[in-house]
Amino acid sequence: MALMRKLIFRQMFESKTSTFTYLLGCPKTREAILIDPVIEMVDRDLQIIHELRLKLKYAGNTHAHADHVTATAELRKLVPECKSFISHASGAKANITLVNGETIQFGCITYVCHKERFAMTGDTLLIRGCGRTDFQQGDSRKLYNSVHSQIFSLPDDYLLFPGFSVTSVEEEKKYNPRLTLPIDQFVEFMKNLKLDNPKQIDKAVPANMVDGDVRYMNEAVRAEVCKTAKIH
């Protein structure tokens, strides 16, 4: 894959929540970015960064996750020069809150990787599916319009890296059974999914709204996070 030859790229799996964390690094400057890090995997992620001789410049999230607690605050403790980021629309705290179309630079590429022809979609667009809209102020119509205007408008050959595995713009435009529906049918379909809540939602959402920083969690959430994560 041409992408793998142009930058340092690692897809790292967390088995409990089936979440992928992405590490991107510039081979020239050695600056790196982590996307969607999981708090229980801080030591693993930093070990890989060390082994690859990278300097972590940013750690961020595609959204305020409901299935795991972010590692951004812990990473900032251990790597003081690292800055966290998330979208402004999420309402969550971070060092940098991004608005649509804004970029952050690290070394030779940007968060919106037009140069390398790929995009990180988090849980918005999944392989033959999409993220849920039945909690966290979800809006099916807004999700549909965002995917069609912001993701499906990219060239067909762009690779897409969701929170789970890899696909392409062309594949999802052709074969995604949800997002190829007319918008009203899509909204009705999403309304009738009736899925159980993610198992960690009660601790993950409030923790992620404060950048995964235990200092700003309430006592009950902090206690739950500390049961499974090593807090530095």
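Across the interface of domain 1 and domain 2, 2 residue pairs are in polar contact, both at pLDDT 80 or more; the term means N or O atoms within 3.5 Å, where one must be able to donate a hydrogen and the other to accept it, and residues adjacent in sequence count only if both atoms are side-chain atoms. This is a predicted model, in which local features need pLDDT of at least 70, side-chain atom pairs count only at pLDDT 80 or more, and totals for chains, interfaces and linings use all residues. Residues are numbered from 1 along each chain as its sequence is written, and side-chain values use heavy atoms, with hydrogens and water left out.

Salt bridges between domain 1 and domain 2 number 0, counting a side-chain nitrogen of Lys or Arg within 4 Å of a carboxyl oxygen of Asp or Glu.

On the side of domain 1 that touches domain 2, strand E1 (8-14), strand E2 (19-25) and helix H7 (201-208) each supply at least two residues. Helices (H or I, at least four residues) and strands (E, at least two) are DSSP runs, numbered from the N terminus. E2 gives the largest share, 4 residues.

Now the domains themselves. Domain 1 covers 7-109 + 197-231 and domain 2 covers 113-195, with bounds from an automatic or database domain assignment. Their centres, taken over C-alpha atoms, are 22 Å apart. In contact (heavy atoms within 4.5 Å) are 24 residues of domain 1 and 17 residues of domain 2.

Last, a sheet. Its 3 strands run in the order E9-E12-E13, open and with mixed pairing; two strands pair if DSSP finds at least two bridges between them.
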